[in-house]
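Visitor: I would like to learn how to read a structure of this kind, one feature after another. Could we start by looking at it together?

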Amino acid sequence: MIKMKFEEVKEMSSKYLFQNYGRIDLSFTHGKGCYLYDTEGREYLDLVAGIAVNSIGYAHPDWVKAMQDQVAKLCHVSNLYYVEEQAKLAEKVASITPGDLDRTLFVNSGAEANEGALKLAVRYTGRSKVLSALNSFHGRTAASLGATGQTKYQASFEPLISDAYQYYEYGNIESVKEMVSKDTAALIVEPIQGEGGVRMASKEFFKAVRDICTDNGVLMIVDEVQTGIGRMGTWYGIQNYDVIPDVITMAKALGGGAPIGAVTTTDDIAKVMTPGTHGTTFGGNPLVTASGCATLDIMKKENLVQNSHDLGARWIADLKGIKSDKIKEVRGCGLIIGVEMDSNETAAAVQKHCRDNGVLVNVCHGNTVRLIPPLIINDAQKDVFTKLLKECI
Ligand SMILES: Cc1ncc(COP(=O)(O)O)c(C=O)c1O
């Protein structure tokens, strides 16, 4: 294939694609480890990882081999049949999820995982209402947009397809108590609000949520789409709070770059999803589940959850140690870190300074520089960002 120059890629994209993304003027041809290479041959240290997807880095040789082998054997068959790689991945997921969360449904994305979990809760409880947090993010499909508690995503799509949602204040247990009722099927919550600006709630909050859900027959769904698979220094973010939910949803890092999502729950809850109640053509096909198996094997072999925990803690300590009135707050856990700047302009300036010096970072919620790098990142690489941040401020 003839390689295209950046301007050609941009022009063709502008002509033929929906213009629903505000894209940065960059296009990449390949990646290796923590680095991406653009159409003009420039190298970038990537601290975005495809928005918390590429945890094992780019082109990991074991992952590439697993994918190549699988493509050569079998890419897709229907869920009309048993799929070996799907069964193997489900077993691997069961081995890392907390408690009795041992039964999995595979889908294609994070939003789809949440939709599956919400359907599951409605069917299991026979109730219709869902509590979701203000400032949350659970996806942008028509129904998951309702769960996403941010008006900026919902505006212009109202009335929302589902009027099932009520929004509690993240971290405020009184607000949950006020809303829970005999109609509540589920409460959905993120271990850290990633898209919401890397916002955290306390262990007490999560424990109290667990108790309220148990006492009221409400399913506690933890959305681990961004935080799952090691991002918070534990396999699942909720493990930081010593709480076992009823349902976990995940996606992003599970496939190491292949599009996959999953809903995991207990035997008892899963049994309401009888044949025909839910499904998707591509869900858990041989290719994506082989990619999931390879990803989890690499994560274990290379101790990446531990690296996320240890390196993340050192990085957060370094960043908290920077004294500047340009930094409002440093938040995070493991390798999801938010550096809240004093303004949107400062955050944009940090992002630009990094990019000009070959480092990619993401800005979320306007003023927060979000670091969600591959979990294979090392200290020297993390220090590159810290130095650039200091320079910029
Ligand atoms: C917590 C959370 N839930 C759900 C989603 C939606 O996932 P997807 O974009 O794969 O549909 C995201 C995406 O950023 C997310 O961060």
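Visitor: How many residues surround the ligand, and which are the closest?

Guide: Bear in mind that this is a predicted model. The shell around the ligand holds 13 residues, and the closest of them are G110, A111, D223, Q226 and K252. By class, that shell is made up of three nonpolar, six polar and four charged residues, and its largest share, three residues, is contributed by helix α5 (residues 110-125).

Visitor: Which atoms of G110, Q226 and K252 come up to an oxygen atom of the ligand?

Guide: A pair of N or O atoms within 3.5 Å is read as a polar contact. In K252, an N or O atom of the side chain is 3.2 Å from a ligand oxygen. Taken on its own, the ligand has 390 Å² of accessible area, of which the protein covers 81%.

Visitor: How many salt bridges are there, and how should I read one of them?

Guide: The general idea is a side-chain nitrogen of Lys or Arg within 4 Å of a carboxyl oxygen of Asp or Glu, and by this rule the count comes to 23. One of them joins D268 to K271, with the closest N and O atoms 2.5 Å apart; here D268 is partly exposed at 36% relative accessible area, while K271 is exposed at 55%.

Visitor: Where do K387 and E391 lie?

Guide: Both are in helix α14 (residues 379-392), four residues apart, which is about one turn of the helix. Elsewhere, salt bridges that share partners link R199, K328, E329, R331 and E340 into one network.

Visitor: Which residues form a nonpolar patch on the surface?

Guide: The patch consists of M4, M12 and Y16, which together have about 340 Å² of accessible area. Y16 belongs to helix α1 (residues 6-16), and with a relative accessible area of 61% this residue is exposed.

Definitions and conventions. Residues numbered from 1 in each chain as written. Predicted model: local features only at pLDDT ≥ 70, side-chain atom pairs only at ≥ 80, totals over all residues. Heavy atoms only, no water. Patch = residues over 30% accessible without salt bridge, like charges linked within 9 Å, V, L, I, M, F, W, Y side chains within 5 Å. Areas by Shrake-Rupley, 256 points an atom, 1.4 Å probe, with all protein chains shown as cover. Helix = DSSP H or I, 4+ residues; strand = E, 2+ residues; numbered from the N terminus. Buried < 20%, exposed > 50% of the residue type's maximum accessible area, 1.4 Å probe, protein only. Near = heavy atom within 4 Å. Polar contact = N/O pair within 3.5 Å; in protein donor to acceptor, adjacent residues only side chain to side chain. Nonpolar A, V, L, I, M, F, W, Y, C, P; charged D, E, K, R; others polar.
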